[in-house]
Amino acid sequence: MSLPTIQIRGLTKRFGDHEVLRGVDLTVAASEVVCLIGPSGSGKSTLLRCVNFLEPYDAGEVRIEGRLIGYEDAPNGARRPMAARPLRAMRREIGMVFQHFNLWPHMTALHNVAEPLRRVRGLAHAEADERAMAMLARVGLSDKAQAYPSRLSGGQQQRVAIARALAMQPRLMLFDEPTSALDPELVGEVLEVMKSLASEGMTMLIVTHEMGFAAHVANRIAFIDSGRILEQGPPRYVFHESAEPRVRQFLQTYHDRNSF
Amino acid sequence: MRPQVILHSFGYLTQAAGTTLAISLAGIAFGFLIGAAVCAARLSSQTWLRRLGGAYVSVFRGVPLLVLLLFIYYFLAKFGLDIPALAAAVGGLALSTGAYQSEILRGAFNALPRGQAEAAAALGFPGPEIWRRILLPQALRISVPPLINEFILILKASSLVSVVGIAELTRVSMNIASLTYRPLEAYVGGGVFYLAINLCVAGFGAIAERRLAAGGAR
Amino acid sequence: MNPDVLLRYAPSLISGFGVTVMCWGAGGALGLILGFIISLLYRLPFAPLRWLLRALIEVFRGTPFLMQLFLLYAGGPYIGLKLNATTAGVVGLGLYSSAYFAEIFRGGFAAVPHGQIEAAMSVGMGPRDTLLRVTLPGALIAAVPPIVNMLIVLSKETVVLSIITVPELMYQMQTMAAETFTAFDAIFAMAVFYWLLVEATSRLGRRVEARVTAFMAQEASPA
């Protein structure tokens with residue numbers, strides 16, 4: 001049995017006095033798609049950002065394919081913060097897509113995708129460009145390779161961002177509300193790309209409000225509220241069969257506005 | 001470097017600092033009146049007024065202050081007008097800062113969300129009332145930080161009136177330097193006074209900003 | 001004003017203009033380089049250094065340019081710095097503007113959205129690459145409009161150099177005025193000249209700004 005891609009145990013995080021994550025346990029197996037849902041302020045984005053240690057956590061552990069991220073064992077038995085280089089090495093294998101795309105505005109779409117390949121994977125200029133073009137084609141944007149982000153729609157920018165993360169050939173991908181900043185009519189094109197990634201077997205952990213997408217694409221839904229995972233299971237179970245009052249209350253607002 | 005020089009001239013420097021402060025205050029006060037008038041012209045519905053205001057801003061931001069001051073000085077001399085140098089200096093400062101202040105005020109008005117005036121009109125407020133009760137107070141509040149900044153700029157710009165012989169901080173520092181043959185101490189001393197004044201103004205400005213922010217929501 | 005007078009003094013006026021441009025260019029370049037270095041040093045996590053730099057910046061921005069020039073030109077020899085007027089003028093402009101440019105570059109760095117840095121971190125980019133390929137380009141582009149503004153301000157400050165006898169345009173004009181008793185006409189011509197100069201460079205500056213930031217501008221209708 002292979003190690004789970006993501007293993008989170010007893011994750012705790014504090015912002016000053018406020019405890020944002022209170023002992024979270026979550027496992028994501030290889031090729032699994034897990035969607036994190038919950039009200040705002042529940043800690044779902046913070047949880048996601050702890051997985052690649054963009055947000056340091058205070059207690060508990062996050063393991064990527066068995067390896068602890070963010071900390072390493074000190075000689076005296078305790079643990080100490082991980083050195084910069086091994087942390088960067090681990091981050092190389094984790095792809096992340098942000099709510100506000102975070103494309104680099106002074107680079108073309110192609111350059112955005114090729115830059116990490118050149119600087120981090122150390123590919124030669126031409127090879128990086130080739131790979132980048134292939135990735136842009138993969139997300140349906142080959143004709144926009146020379147465009148600057150300011151000339152692209154939100155949906156196009158997000159697809160370039162996905163291509164940028166994908167080009168690194170990561171072992172897993174994290175999505176932080178990838179469609180929340182998009183106009184409604186642009187959401188579909190991004191969800192399509194994510195769906196195709198899932199069908200190819202990419203391991204994905206997604207924070208989202210798109211219940212329809214979660215219902216059809218996720219293997220598992222995890223509902224988080226006030227820093228704790230209150231319910232998890234297959235979509236059918238969480239959406240229709242769970243008796244958790246907070247879950248029911250949260251989903252009620254969606255029933256009222258969308259049907260899925 | 002002999003600090004005693006600064007200590008001995010402390011009295012003169014303090015007096016000169018007072019002159020600098022007074023000139024700058026007068027300059028910015030008259031400048032505000034000019035700036036408000038020019039801003040009103042630039043916001044007016046009459047094209048010729050807008051053009052006139054625009055020309056004023058262009059001229060008085062484009063001509064360096066030193067040139068302007070000397071121009072006024074020679075102008076008064078040529079046409080035999082017996083106006084004291086101090087008035088000429090304050091006039092020059094006021095004309096110059098008026099251009100910048102008009103732009104600050106104009107920027108403040110443009111920063112106001114248009115919806116506020118529209119909402120007031122929809123509620124039945126008469127035009128001048130909208131101006132007086134809604135737009136003007138907010139525009140003034142937004143203007144305070146850049147106006148404080150402008151005041152600090154005027155304090156520094158006032159050093160140029162030394163060329164027409166007024167006994168402000170820079171001129172007095174020059175006098176001390178030539179009398180004691182110790183330019184280092186003289187100019188460092190003068191500089192310290194400028195810094196002290198600026199620090200006080202900046203501190204006052206921070207307090208004013210906080211007071212105003214407490215009232216308005218942003 | 002007598003056109004013969006102008007013709008006679010044309011060479012000195014032209015040379016004066018040349019000195020003005022040279023001082024502005026050299027002073028501006030010095031200021032940009034120094035200001036950039038200061039802004040980079042300011043990013044180091046070394047509190048005493050930042051404190052020192054901040055003090056320097058506040059002194060140069062909190063005291064009049066004229067005082068700084070006097071200190072440099074008249075006071076310099078007392079600390080072993082014997083500069084001729086023009087050199088003092090250029091160095092003075094450079095030091096004075098460096099404080100402003102340092103703040104401009106600092107603002108440029110701050111203007112780079114943190115999300116872009118996070119994107120670089122998330123792909124495992126190292127600090128050097130992040131600085132050179134993401135932070136620096138973003139900061140420099142953001143700094144262009146205020147830099148253009150400051151350079152125009154600097155062009156007006158060059159007239160102050162005439163007070164310490166730098167032979168730039170204003171000084172030459174005043175010499176001509178004194179020798180030919182045409183003070184008013186001369187200063188009037190100066191006013192008109194500088195007004196036109198500042199107008200022209202402002203328009204040019206706006207065009208340069210637009211050109212440099214064009215590719216980052218939002219298009220009217222997104223695809």
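**A Predicted Model in Questions and Answers**

Trainee: In which element of chain C is C:Glu118 found?
Mentor: Helices are DSSP runs of H or I with at least four residues, strands are DSSP runs of E with at least two, and both are numbered from the N terminus. C:Glu118 belongs to the element of chain C made of residues 114-122, which is helix 5.

Trainee: What pLDDT do local features need in this predicted model?
Mentor: Residues are numbered from 1 along each chain as its sequence is written, while chains are lettered from A and ligands numbered from 1 in the order in which they are written. Side-chain values use heavy atoms, with hydrogens and water left out, and, the model being predicted, totals for chains, interfaces and linings use all residues, side-chain atom pairs count only at pLDDT 80 or more, and local features need pLDDT of at least 70.

Trainee: Is C:Glu118 buried or exposed?
Mentor: A residue is buried under 20% relative accessible area, exposed over 50% and partly exposed in between, with a 1.4 Å probe and protein chains only. The relative accessible area of C:Glu118 is 10%, so this residue counts as buried.

Trainee: Which residues does C:Glu118 contact, beyond its neighbours within four places in sequence?
Mentor: Contact means heavy atoms within 4.5 Å. With those neighbours left aside, the partners of C:Glu118 are A:Arg49, A:Leu54 and A:Phe98.

Trainee: Which residues of helix 1 of chain A are buried?
Mentor: Helix 1 comprises residues 44-51 and is mostly covered, with seven of its eight residues buried. One of these is A:Arg49, which is also a contact of C:Glu118. The buried residues of this helix are A:Lys44, A:Thr46, A:Leu47, A:Leu48, A:Arg49, A:Cys50 and A:Val51.

Trainee: What is the radius of gyration of chain A?
Mentor: Chain A has nine helices and 12 strands. Its radius of gyration is close to the 18 Å that the globule rule gives for 260 residues, so chain A is as compact as a globular protein of that length. The radius is taken over C-alpha atoms, and the globule rule is 2.2 Å times the number of residues to the power 0.38. For chain A the radius of gyration is 19 Å.

Trainee: How much of chain A is buried?
Mentor: The C-alpha trace of chain A spans about 55 × 55 × 40 Å along its principal axes. Among its contacts with a separation of 6 or more, 63% are between residues 24 or more positions apart. Of the 260 residues in chain A, the buried share is 57%.

Trainee: Where does A:Thr27 lie, and is it buried or partly exposed?
Mentor: A:Thr27 is in strand 2 of chain A, residues 18-28. Beyond its neighbours within four places in sequence, its contacts include A:Pro4 and A:Arg220. With a relative accessible area of 34%, A:Thr27 is therefore partly exposed.

Trainee: How many helices does chain B have?
Mentor: From the N terminus on, the elements of chain B run α-α-α-α-α-α-α-α-α. Its C-alpha trace spans about 70 × 45 × 25 Å along the principal axes, and 45% of its 218 residues count as buried. Chain B has zero strands, and its number of helices is nine.

Trainee: What is the relative accessible area of B:Tyr181?
Mentor: B:Tyr181 lies in the loop between helix 8 (169-180) and helix 9 (183-215) of chain B. Its phi is near 55°, a positive value in a residue other than glycine. B:Tyr181 is exposed, with a relative accessible area of 61%.

Trainee: How far apart are the closest C-alpha atoms of chain A and chain B?
Mentor: Two pairs of chains are in contact, and chains B and C share the most contacts. No contact joins chain A and chain B, and their closest C-alpha atoms are separated by 23 Å.

Trainee: Which residues of chain B lose the most area to chain C?
Mentor: In this pair, 34 residues of chain B are in contact with 34 residues of chain C. Buried area is the accessible area (1.4 Å probe) that two parts lose on being put together, summed over both. The two chains bury about 2800 Å² between them, 79% of it on carbon and sulfur atoms. Together giving 20% of what the chain B side buries, the residues that lose the most are B:Lys156, B:Leu184 and B:Tyr187.
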